[in-house]
Amino acid sequence: MELMKRRESWNISYDHALGETASYFFAQVRDNAQIYGRRDPKSGRVLVPPRAFSDQTLEPTTEWVKVGPGGRIEAFTIVYEEFKTLPDPPYAFGYVLLDGADTAIGGFFRGIDLKDPAKAAQWLKIGTRVMTRFKDERKGSVLDFWFELEKGGDNAKSVEGEPVGGYE
Amino acid sequence: MKATQIGICGVAIHAPQRSDSRSLEESIYAVTWAALRDAAYDIDDVQGIVVAGNDELDGRAISIMMASGSVGGVDRDILSTPSSAEHAFVLGALRIASGQFDNQLVVGWSPVEVDSFNDALKIGTDPYWHRALPQDELATHGLQASVLEDKVPGIRKTAAAIVRKNRTHGAIAYPDRPLGPVEEAFIASGRPTRWPLTDTMVTAPGYGLVAMVLASEDTIARRKSTNVAWIRGMGWATEPGFIGDRDLSKLPSLEAACKQAYEAAGVKNPGTAFDVAEVADGTPYHELLAYEGLGLCKREAWNEFVASGTPAKGGKLPVNLSGGALSFNPVFCAGLVRIAEAANQVRGRAGAHQQPDAKRAVAHAASGPAMHYNTVVVMDGGKP
Amino acid sequence: MRAPRVGIIGIGQSEFKAKRDDANYPELVREGVTRALNDCKRELKDMEAVVYSLAPDALLGIGNAERLGVDAVGARNKRFMRINTGGATGISSVITGWTHIAAGVCDLVLVAGADKVGESGDSQTILNKIWDPMYERALPLGTITMLAMSAVRAMDKYGLTEEDMARVTVKARANAARNPKAHLRKTVTIDDVMQSRYISWPIKLLDACPQSSGGAAIVLASEKYIKENKLDAVWIRGVGHCSESYYMGDRMGNKIMADHADAHALGQSFLRSYKMAGITDPRNEVHVAELYAPFSNTEYHSIEASGVCGMGESMALMREGHFDIGGKIPVNPSGGTLCTNAIAVSALVRAAEIALQVWGRAGDHQVKGARVGIASGNGGDHQFFGTMVIES
């Protein structure tokens, strides 16, 4: 007896309205290579990426606050497995608390040799200082920027004197 | 339902005209606050939340994830019923009846960000036998209409009259919203879209959001909430999944849901029990099936019932004074809107389309291919 | 709140496998249902309502797939609704079934579902789409990367090591070897886990759950029905949910309410369940736990959230065998989500397994003398949590 299968693909497209808050954020990234957060008045937290309201207090956010370009790593991972429509491995990404922000924003970490996971994990450990880098040609997306280890910071020296770099 | 009476004490129905100035989540936030303010609640008063959105329409693989922030889900007890928006209402009421919660916030939405509604909703057709066919949701409504036309002579004209009736209501209720053709001649001369449905007999998807605050009798008394719609009976049931397994001219799940609701509410003569009704009308044939399923009018008398003006404004039992989905069609939450509109009637908060002295209402919501899910809620605005 | 007594009278599960090419989706649902009905000697027609457990449509490739399952669960013309709280769906569904009966609407409720995760081709790609299109979907986020980052923070905060993580997998596989329903049943050593390839640092292949296919169902009944029909049952004594911010970056940084290293909202959910159940000292009152943990590291913060030990203490206790079958509080004696993950029903299976435990029906993976058990489910980006307390 023959067991059959049917191949189906979902192919649906959407135009998602970003709203004013996210639109402003991306316009600033695109036009001024600047990242902004927004302050929740009740808790005082500067939310990055910015939102029109805080989901914790359910209050509208108020002022725009420039954040970065320096920051610290709050979380990271290094991906060694291939997944459809996701980038070719290996790559590192995670969350960075930019200077002036109270919440962390996601982004890729570049300029790090990822061949040895244990070493790479040391370079990327939580608390490491990073700098935001922007593309020359920006479209207004989170891929317009990424993070690199800050030169001259505590973690700038690589483990065992090996060069920092080799990726990309 | 148990002894505890449950009331709807806050309602908000939004139909944003421009869908690009706010993100979906920001719009959900807005309708949430609107309902809270209508109930004179702060978000900290809310004990539990049930939401409903459709992943394929929203373009998010788990729609509740981002939406939960908008409705105050952080640190609260929140669930989602993606089967239909009206199921969120049902579950919200059950959660209070169980005694676990004193109140619930219920929110549903239906955006228009997807390129093609037909493609998005066609994903709901099974890949095993039917997806290769052009069977999107509208096609199933067409199939249902064709079966009804075969069984009941003369209903095409009645169907057109229902479209005209509901849009006439819609023009009064929400004059700021865009409206399809109202003139009989225009309605009758539409292009067939899914025969026998014409493009004039249905309404293109609109962007809608709806939120309600429900609370127990004790909570309402303690907070001295006003303008309450008491839920007297609630019923819900489903048809089987394959269209071919159904007799599309009948709706046994509506009968079952109605029986549950009417028994709980003690409704014996539906024809005279209600002052106003809000029923499913994704197509006018839905409304006809609703008349029968709710015990308002059997099919043999459909033509006469509509021609007599009984279900029109000014008639003995106005149906869809809000304009129904034939006026404004937020596809996924259209059913929840029917419940909200009926609630507003007995709360005395229906504004331009308020039925004077509306004390008792019945709401009927239907969702999915050819009215797959049916939900009935009987409400009144008296004392608990 | 006076908690009405709602009992579990029947349980059914498939033997979970990678692929079930012999059955389509509704047939898998029916498999779980048939077993649960046989377990309590009831018929489909006896069920008065159905709660359908189904997480993202995208994993099945069918929109509102619950509609196709209507006949599989015998729900024609009956009360029927579907629940989706991501990975927590299964437990949210059982809790919703509880709600139906506690509300006095009916006496018998069937909670059922199934998943064919392997059929989606690549679940991480789909699970990437759960992130918002505004800010985060462009990033290669998936459930694995998200929870890898939780591990990284736990390493920083508590000194979690990769070996600690491996230890969880070793325990899980040893337990699954004793559970004929589990998917991955081959035992492994710490070395095996440490040698397996990295998927998303520090999560390695053997730290991660499989993609499983299968169905599961539970039949719930009111105390009245159970007494009138002289049925055997175990009891749901507490239920609860809680949820965190969707934004992972908000679980880091300054003035945080919940740290991504932990499972704060899971802790809150347990507190709600314990309150209803009258449990004040989980360390001593809980005998067994089935905690939703699809990656080895996540078992630790789930254990701590359940309050059976303090924050940061679980790793040392794990080393001592505290959570083994035979230890003080066995965790995931079934092998857990780490060995079997049919997403739509994984959290339902947690509840089912605890029911079996306190019922004394867990066979080779029975925890001796277990009378009070807890179950949990996680969903979204570590966002939605549901918990239950079940007692004999």
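This is a predicted model: local features need pLDDT of at least 70, side-chain atom pairs count only at pLDDT 80 or more; totals for chains, interfaces and linings use all residues.
1. Interface of chains B and C. Contact between the two chains involves 51 residues of chain B and 55 residues of chain C. On chain B, at least two residues of the touching side come from each of α2 (55–58), α3 (64–70), β3 (77–80), α4 (85–97), β8 (229–238) and α10 (252–265). Of these contributions, the largest share belongs to α4(B), with six residues.

2. Composition of that side. The residues of chain B that touch chain C comprise 23 nonpolar, 18 polar and 10 charged residues.

3. Sheet of chain C. An open sheet of nine strands is present in chain C, with mixed pairing and the order β3-β2-β4-β7-β1-β8-β11-β10-β9. Its edges are β3 (79–83) and β9 (288–290) of chain C, each of which pairs on one side only. From one strand to the next, the twist averages 25°.

4. A strand pair within the sheet. Strands β8 (residues 234–243) and β11 (residues 384–391) of chain C run antiparallel and are joined by eight bridges. Val239(C) has Met388(C) of β11(C) as its bridge partner.

5. A helix crossing in chain C. The axes of α6 (residues 162–176) and α11 (residues 296–305) of chain C come within 7 Å and cross at roughly 90°; α6(C) is therefore roughly perpendicular to α11(C). From α6(C), Met165(C), Ala166(C), Val168(C) and Thr169(C) take part in the contact, and from α11(C), Ser296(C), Asn297(C) and Glu299(C). By class, the residues of this helix contact are three nonpolar, three polar and one charged.

Note on methods: Residues are numbered from 1 along each chain as its sequence is written. Chains are lettered from A and ligands numbered from 1 in the order in which they are written. Two residues are in contact if their C-beta atoms, placed from the backbone, lie within 7 Å. Helices (H or I, at least four residues) and strands (E, at least two) are DSSP runs, numbered from the N terminus. Ala, Val, Leu, Ile, Met, Phe, Trp, Tyr, Cys and Pro count as nonpolar, Asp, Glu, Lys and Arg as charged, and the others, Gly among them, as polar. Axes are lines fitted to C-alpha atoms, for helices over the stretch in contact, and angles run from 0 to 180 degrees between N-to-C directions. Angles under 35 degrees count as roughly parallel, over 145 as roughly antiparallel, 65 to 115 as roughly perpendicular and the rest as oblique. Two strands pair if DSSP finds at least two bridges between them.
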